[in-house]
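User: Hi! Could you walk me through this structure while I have it open?

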Amino acid sequence: MDPVTLAILVAVAFVLLLGVGLVVARGRRGATGRDLLEAAPAPPTTRPAPEGAGPDSVSPRTAAPGIEAPTPEELGTQVPDLLEPAAPPVEVPAPAQGRLVRLRARLARSNSALGQSLLALLSRDTLDAATWEEIEETLLLADVGVEPTTELLDRLRRRVTVLGTRDPVHLRDMLREELIALVDPSPGLDRSLAVARHGEGPAVVLVVGVNGTGKTTTVGKLARVLVAEDRDVILAAADTFRAAAADQLQTWGERVGVPTVRSEREGGDPAAVAFDAVRAGIEGEADVVLIDTAGRLQNKVGLMDELGKVKRVVEKHGPVDEVLLVLDATTGQNGMQQARVFSEVVDVTGIVLTKLDGTAKGGIVIAIQRQLGVPVKLVGLGEGPDDLAPFDPAAFVDALIA
C-alpha cells in the first residue's frame with residue numbers, strides 16, 4: 001500500500017472514532033434520573049431460609065463489592081426477628097374466696113374513722129349527751145344514713161346501760177354484733193352471683209353504672225373471678241360510645257384467655273353487640289356472658305331508655321340472670337339516687353362497690369342495702385387485677401373495728 005492511501009485510511013479512522021465519542025458523551029449528558037435508576041444494579045435480596053432452619057438462622061445476603069458479609073455472631077441483636085411474636089402466656093387468676101380477709105388491712109386503714117372512732121367514744125369513762133352526739137356525727141359522716149344511725153344509737157344506749165362497763169373487749173364485741181346486724185339486715189340475703197348455666201344457654205350478667213365508677217375494669221376483674229372458678233366466659237363490649245372501652249375490655253379478656261364480642265365500628269348499636277354476644281355464648285356453650293354497658297348519668301332519660309332496650313333485646317335469647325350496678329363508694333349518698341333510678345329501669349339484683357379502699361365512708365354499704373333491699377355482692381379494694389372480692393358482712397365489720 002502506498003503512503004498516500006495509508007494516510008487517507010488513518011484520517012478516516014480518526015474521524016470515525018471522534019464521532020463515536022461525541023455521541024456517547026451527548027447520551028450521558030441527556031440521561032434522566034429514571035434512566036440511571038433503571039440502569040443501576042438491583043439491590044441485594046434476601047434468600048429464603050432453607051427448610052428446617054431454626055429461629056436463630058440468618059438468611060445469606062449479597063455483600064457489596066470489597067465488603068465481607070457479616071457473620072451471625074457479628075450481627076447479634078441487630079438482625080430483626082422476622083418471626084411472629086409469641087402470644088403472651090394466659091394468666092391464672094387467684095381464687096376469689098378469702099380475698100376480703102386477705103385485703104382486710106387495706107380496708108381497715110380506709111375505714112378506721114368509723115370503727116376506731118366509735119370504739120374510742122364508747123370507751124370513755126362517761127357517756128354523756130355530748131359523747132352520744134359525737135357518736136351520731138361519726139356515723140352520719142360515714143354515710144350510714146339517718147335511719148340506720150338512729151337505730152344503732154338506740155341499741156348501743158340500751159346495751160351500754162345494761163352492761164355497765166367500759167371494757168374495750170366487751171365494747172368491741174357489742175359494737176361488732178350491732179354493726180353486723182346493720183350491714184346484714186337479712187341474714188338469709190343471697191349474696192352469691194347467679195352465674196350457673198341453665199338449659200342450653202349461658203348465664204347472662206348485665207353490668208351498669210354511671211361514668212367514672214370503674215365499670216369496665218370491674219367487668220374485667222369479674223371475668224377473672226369466674227375464670228378462677230373454671231367457668232367459660234364471653235365478654236360483650238356494649239359500651240360502643242367510649243373509644244377505648246372495647247380495647248380495654250378486650251385486653252382484660254386476653255389476659256385470661258376470654259374472647260370479646262365487639263362492634264366493628266365506634267358508636268355501633270350496643271343492643272346488637274349484647275345480642276350477638278349471647279348468641280355466641282349459646283353456640284359456643286359458654287357458662288357466662290358478661291355485658292359491659294356504656295356509663296350514663298341517671299338523669300339522662302334517653303340514655304336510660306337505651307339501657308332498657310339493651311336488656312329487652314338480650315331477653316330475646318332468654319332471661320338476664322344478674323344485673324349488677326357498679327357504684328363508686330366515694331360518692332356517698334349521691335350513689336343512693338343513682339341506685340334508685342337504675343333499679344327502676346333494669347331491676348338491679350346486686351351492687352358492686354368500687355374504690356372502697358379510698359374512702360372512710362364505709363357506711364354506704366349499710367345505707368344502700370337498707371333503702372333498696374339489694375345486697376352488696378362484690379367490693380373493689382384496690383387497683384390490682386384480683387382486688388375484687390365477694391362481700392362478706394362479718395369480714396367487712398371485722399375490718400372496720402380491727
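Predicted model: local features only at pLDDT ≥ 70, side-chain atom pairs only at ≥ 80, totals over all residues.

User: Good to know. What order do the strands of the open sheet come in?
Analyst: There are 8 strands, in the order E3-E2-E4-E1-E5-E6-E7-E8, and the pairing is mixed.

User: Which strands stand at the edges?
Analyst: Those are E3 (260-261) and E8 (388-390). Each has a single partner strand, so one side of each is left without a neighbour in the sheet.

User: And which helices pack on the sheet?
Analyst: Helix H11 (residues 245-255) is one of them, touching strand E2 (233-238), E3 and strand E4 (288-293). The direction of H11 makes about 170 degrees with that of E2. Helix H12 (residues 270-283) also packs there, in touch with E1, E2, E3 and E4. For H12, too, the angle to the direction of E2 is about 170 degrees.

User: Let's zoom in on E5. Is it mostly covered or mostly open?
Analyst: Mostly covered: 7 of its 7 residues are buried. Glu 322, Leu 324, Val 326 and Asp 328 point one way from the strand, while Val 323, Leu 325 and Leu 327 point the other way.

User: How many bridges join E5 to E1?
Analyst: 5 bridges, and E1 (residues 203-209) runs parallel to E5 (residues 322-328). Within that pairing, Gly 209 has Val 326 as its bridge partner.

User: What about the E6 side?
Analyst: E5 and E6 (residues 350-354) are parallel as well, joined by 5 bridges. Val 326 turns up again here, with Val 352 as its bridge partner in E6.

User: Carry on along the sheet for me. What comes with E7?
Analyst: E6 and E7 run parallel and are joined by 3 bridges; Leu 353 has Val 379 of E7 as its bridge partner. Strand E7 (residues 376-380) is mostly covered, with 5 of its 5 residues buried.

User: And in which sense do E7 and E8 pair, parallel or antiparallel?
Analyst: Antiparallel, over 3 bridges. Gly 380 stands opposite Leu 388 of E8 there.

User: Changing topic: I've clicked on Thr 218. Where is it found?
Analyst: Thr 218 sits in helix H10, which covers residues 215-228.

User: Buried or exposed?
Analyst: Buried, because its relative accessible area is 7%, and the cut-off for buried is under 20%.

User: What does Thr 218 touch?
Analyst: Leaving aside residues up to four places away in sequence, Thr 218 touches Val 326, Val 352, Thr 354 and Leu 388.

User: How does the lining divide by residue type?
Analyst: Into 2 nonpolar, 8 polar and 5 charged residues.

User: Last one, H15. Which of its residues are buried?
Analyst: In H15 (residues 364-372), the buried ones are Ile 364, Val 365, Ile 366, Ala 367, Ile 368 and Gln 369. The helix is followed by Gly 373, which has a positive phi near 70 degrees.

Note on methods
Residues numbered from 1 in each chain as written. Heavy atoms only, no water. Buried < 20%, exposed > 50% of the residue type's maximum accessible area, 1.4 Å probe, protein only. Helix = DSSP H or I, 4+ residues; strand = E, 2+ residues; numbered from the N terminus. Contact = heavy atoms within 4.5 Å. Pairing = 2+ DSSP bridges. Axes fitted to C-alpha atoms, helices over the stretch in contact; angles between N-to-C directions. Nonpolar A, V, L, I, M, F, W, Y, C, P; charged D, E, K, R; others polar.
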